[in-house]
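Subject: Structure for you to look at

Hello,

Here is the structure I said I would pass on. My notes follow it.

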Amino acid sequence: MIAPRSAANVRILAIDDEPANLALIKALLLREGYTHLETLTDPRQAAERHLAFAPDLVLLDLMMPSIDGYALLDSLGRLTGKDDLVPIMVLTADTSIEAKRRALALGARDIVTKPFDVFEFALRVANLIDLRLMFARAREVSQPG
Amino acid sequence: MIGRSISDWWANRPLATKGLVVVAVPLLIFLGSVAALYTVSRMESRAEQDVRLTIAIQNDVNEVHALLAEASSGVRGYLLTGEPRFLEPYHRAEKLVPQVTQRLKGSVRDFEAAAHLSRIEALASQKREGLAILLDARQRTGADIVGAPAIADGLAANKQVLDALRGEIEGMQERERELLAARQGRLNQVRFNGLVVTGLLTLAGLVGSLFAVFLFSSGIVRRVQRLERDAVLLAQGEALPEREAGRDEIGLLAVRMTEASALLRAREQALREGEERFRLVIEGVRDYGIFALDPDGYVVSWNTGAERIKGWSSHEILGRHFSTFYPGDDARERSMHNLADAVRDGRTEDEGWRIRKDGTLFWANVVITALRDEAGELRGFSKVTRDITERRRAQEALETARHEAEQASTAKSLFLSRMSHELRTPLNAILGFAQLLELDHAGSSKADKASISQILRAGRHLLGLIDEVLDIARIEAGKLGLDIAPVSIGAAVAEAVGLSLPEADSNGITIRSDVDKHSPVAADRRRLMQVLLNLLSNAIKYNRRGGEVSIKAGVVRGRMRVEFTDTGIGVDPEQVGDLFQPFTRLPAGAARTDGTGLGLSLSRALVEAMGGAIGYTPRADGREGACFWFELPLTAETGIPEPMPARAALSTHSVQRRLTILLIEDNLANAQLIEAVAARHWPEAHVVNAMQASLGLDLALRQQPDLVLLDLHLPDKDGDWVLEQLSKTYPDLPVVLLTADALAAQTDWVSRGATAVLTKPIDVPSLLESVDTALREHTR
């Protein structure tokens with residue numbers, strides 16, 4: 001169990017067109033103790049679900065049919081306000097350096113290439129959740145009430 | 001014969017001589033006439049003078065006689081009368097006779113006359129003496145003299161003398177008359193001769209003039225006229241007849257003209273032959289359509305090639321406009337546009353469709369050249385047309401083939417890339433769930449565990465395959481995107497050995513690396529590592545248990561050669577050719593071979609993409625084992641200095657105070673470069689980057705850096721201002737300025753508190769030097 005203690009309330013949105021992968025992600029996250037999960041195979045609904053679900057972490061597959069993953073990454077990043085931080089972790093089968101750089105430049109907080117090691121995946125998710133929680137706590141301290 | 005030779009001689013005289021002769025002949029004749037006339041007149045005057053002299057002599061003789069006769073009469077009268085007045089003639093005779101006699105002596109030249117004269121003179125003196133005696137006697141005797149005998153004798157004697165004198169005078173006069181007659185005759189003769197001479201001379205002058213005119217005419221005028229006729233012939237290009245010409249100027253001129261005529265004809269002949277040959281060549285050319293256009297574009301000449309290519313025969317096309325050869329409605333405009341280009345540039349080349357007489361099209365290469373005369377006036381155009389339809393078809397076919405090949409290649413690359421991606425995605429699920437199973441079923445049966453392990457192993461093998469296939473596909477599509485930079489081969493080998501150690505240990509293999517610092521090679525570090533790891537892995541896998549791998553490096557033929565020698569069973573010579581082919585698997589050695597079969601072919605593709613070579617040789621020492629090598633180009637650039645050995649860095653880490661470098665720089669690329677350099681050169685350093693001046697000053701307060709690298713161009717504040725703030729607050733803090741502005745670099749920043757100024761692009765060695773110097777001085 002790598003997940004932080006407050007993981008139980010963390011909301012994670014996972015977007016991947018491949019149901020098997022989505023199932024794997026879900027299984028892994030559940031195994032780590034994350035329960036508030038939303039999975040989405042149709043990337044066109046991503047923005048809508050993002051707003052409705054208000055996730056603490058987004059897991060995004062970059063290579064999907066019917067939509068440009070980079071454009072989606074960019075638009076999801078913009079959904080979050082400037083004073084907020086919702087990390088996006090990109091999952092991609094594209095191992096090229098260019099793909100990584102491009103994703104990072106567009107605001108991805110982390111990148112995991114598929115197929116990934118389950119331990120590594122869990123650790124990276126936990127790190128991003130930590131980041132999110134620390135940011136939220138810092139904001140509460142600076143803006144009481 | 002003689003006349004001929006004279007006329008030859010005359011013809012050969014120079015023109016000056018001829019002119020002199022022509023002028024001199026009448027002139028000489030004239031001078032001769034004058035001389036002759038002068039001589040005749042001189043002779044005539046002398047004859048006349050002789051006549052006059054003779055007459056004078058006669059007069060003088062008569063006067064002597066008269067004087068003496070009168071004196072004698074006077075004396076007689078005196079004797080008779082005694083009157084003195086009768087003596088006057090006597091006195092006059094006494095005075096004049098000697099004078100006249102004397103004058104006669106001077107004039108007489110004839111001997112006979114002179115004899116007469118001397119006798120006359122003697123007689124005259126005798127007479128005068130006689131008279132003087134008479135007078136004397138009279139004076140002595142007085143008046144009566146008649147009766148005196150002396151006087152009578154004297155008179156008688158005087159009478160005798162006078163008679164003799166008269167006789168002599170007559171004789172002399174007779175002689176003088178003879179002489180006069182003779183001289184008169186000679187005078188007449190002379191006058192006649194003069195007339196004859198004058199006549200002859202006049203005749204000679206006439207003849208001479210005619211002769212001169214003849215000479216002039218024959219020697220000059222006629223020949224000049226002939227020359228003039230020759231010149232007309234020459235002008236008409238006719239041949240000149242061979243002629244005897246003489247060797248004077250006119251003759252030479254005629255000779256030269258004849259020569260010129262011959263030369264002219266020879267040249268004309270050569271020219272005509274040349275033109276004919278040229279025309280035949282042009283007309284005979286079959287592969288090129290060569291023809292001429294007038295300045296307006298109408299065809300004026302045509303050759304066989306043009307006929308063959310375009311289908312028009314010469315008589316059909318001459319006089320037609322060349323836009324006939326252009327297909328389409330705008331043929332005229334396009335053709336005239338080509339002509340305009342040729343006029344402007346002197347020459348124009350065009351490729352395009354042209355139309356034949358039968359309406360078929362052909363792809364032509366056309367060169368139009370403007371033809372200008374010496375004055376630069378446009379005289380027309382030459383046009384050379386080639387039918388390159390076949391070539392174009394071949395080119396098109398080639399182009400199509402190339403395009404298709406490219407498309408196929410791109411399609412293949414795309415296919416492989418997609419395939420890899422599509423394979424990776426399900427693999428993610430396979431490997432992921434297998435791992436989950438492995439975690440969740442730690443306590444399940446051995447058989448289950450083995451099965452899960454098999455799934456994971458097979459999945460990972462598949463993943464390796466996919467990665468390598470993708471790399472090969474990228475290389476083949478030329479999309480590998482190499483990042484070539486100077487790389488230290490020693491450091492790279494050391495790193496690869498370090499990574500391979502676990503595998504070597506598990507197989508009981510010893511790795512001996514004999515590679516130390518070497519000149520850097522030009523390579524992509526990541527890809528070089530891939531090759532090194534692959535070769536090392538092969539050398540370990542195909543070795544015998546407890547074997548050895550030795551690595552050597554050295555410069556061979558200007559390239560860095562790295563060799564990996566193992567102690568395995570080596571490669572079957574028959575299989576050497578297939579070594580670098582994809583999916584070639586060699587018989588297993590000590591270790592179980594779980595390679596993809598793509599390693600060597602990928603390594604070869606990578607090394608070749610980096611401009612190197614890779615190969616296999618049997619062991620040089622004849623022992624069992626394989627030797628794989630690769631070569632990479634050396635680079636003259638000095639690379640980033642070798643990083644300190646990782647262990648050394650770790651060991652000093654805890655001892656040394658952590659070095660903090662504050663980098664105030666808004667350009668991300670520059671910041672990354674400096675961070676990379678710092679990471680390698682000062683592994684203990686902590687680089688803090690601020691993209692803005694305000695943040696930079698903030699961090700300077702919080703981090704207490706050992707050194708500040710300050711970009712002069714920041715988004716919020718002027719670097720100048722930041723420097724001022726820094727040097728005011730931290731006077732001992734070294735600040736190294738970075739600027740892209742070469743002008744700004746010349747400002748005296750040191751006096752304003754900066755330690756050093758570096759211009760961008762940043763030269764790594766000078767950055768290192770500046771920072772090291774600044775730090776040394778700061779810590780002192």
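In which helix is A:Leu24 found? A:Leu24 belongs to helix α1 of chain A, which covers residues 19-32. Please keep in mind that this is a predicted model.

A:Leu24 counts as buried because it has 25 C-beta neighbours inside 10 Å, and the cut-off for a buried residue is 20 or more. Apart from neighbours within four places in sequence, A:Leu24 is in contact with B:Asn428, B:Ala429, B:Gly432 and B:Phe433. Along its own chain, A:Val118 is 94 residues away from A:Leu24, and the C-alpha atoms of the two are separated by 9.5 Å.

Next, the contact between the chains. On the chain B side there are 14 residues, and these are in contact with 15 residues of chain A. Helices α10 (389-440) and α11 (446-476) of chain B each supply at least two residues of the side that touches chain A. The most comes from α10(B), with twelve residues. By type, that side of chain B divides into seven nonpolar, five polar and two charged residues.

Helix α11(B) also packs within its own chain. Its axis and that of helix α14 (residues 599-609) of chain B come within 10 Å and cross at roughly 35°; the crossing is left-handed. From α11(B), the residues B:Glu468, B:Asp471, B:Ile472 and B:Ile475 meet B:Ser601, B:Leu602, B:Ala605 and B:Ala609 of α14(B). The residues of this contact comprise five nonpolar, one polar and two charged.

Further along chain B there is an open sheet of five strands with parallel pairing, in the order β13-β12-β14-β15-β16. From one strand to the next the twist averages 20°. Strand β15 (residues 735-739) of chain B is joined to β16(B) by four bridges, and the two run parallel. In this pair, B:Val736 stands opposite B:Ala756 of β16(B).

Helix α16 (residues 668-681) of chain B lies across β12 (659-664), β13 and β14 (707-711) of chain B, at about 170° to β13(B). Helix α17 (residues 693-703) of chain B also lies across β12, β13 and β14 of chain B, and runs at about 165° to β12(B).

Regards

Technical notes:
Residues numbered from 1 in each chain as written. Chains lettered and ligands numbered in written order. Predicted model: local features only at pLDDT ≥ 70, side-chain atom pairs only at ≥ 80, totals over all residues. Pairing = 2+ DSSP bridges. Axes fitted to C-alpha atoms, helices over the stretch in contact; angles between N-to-C directions. Contact = placed C-beta atoms within 7 Å. Nonpolar A, V, L, I, M, F, W, Y, C, P; charged D, E, K, R; others polar. Buried ≥ 20, exposed ≤ 12 C-beta atoms within 10 Å, placed from the backbone. Left-handed = near helix turned anticlockwise from the far one by under 90°.
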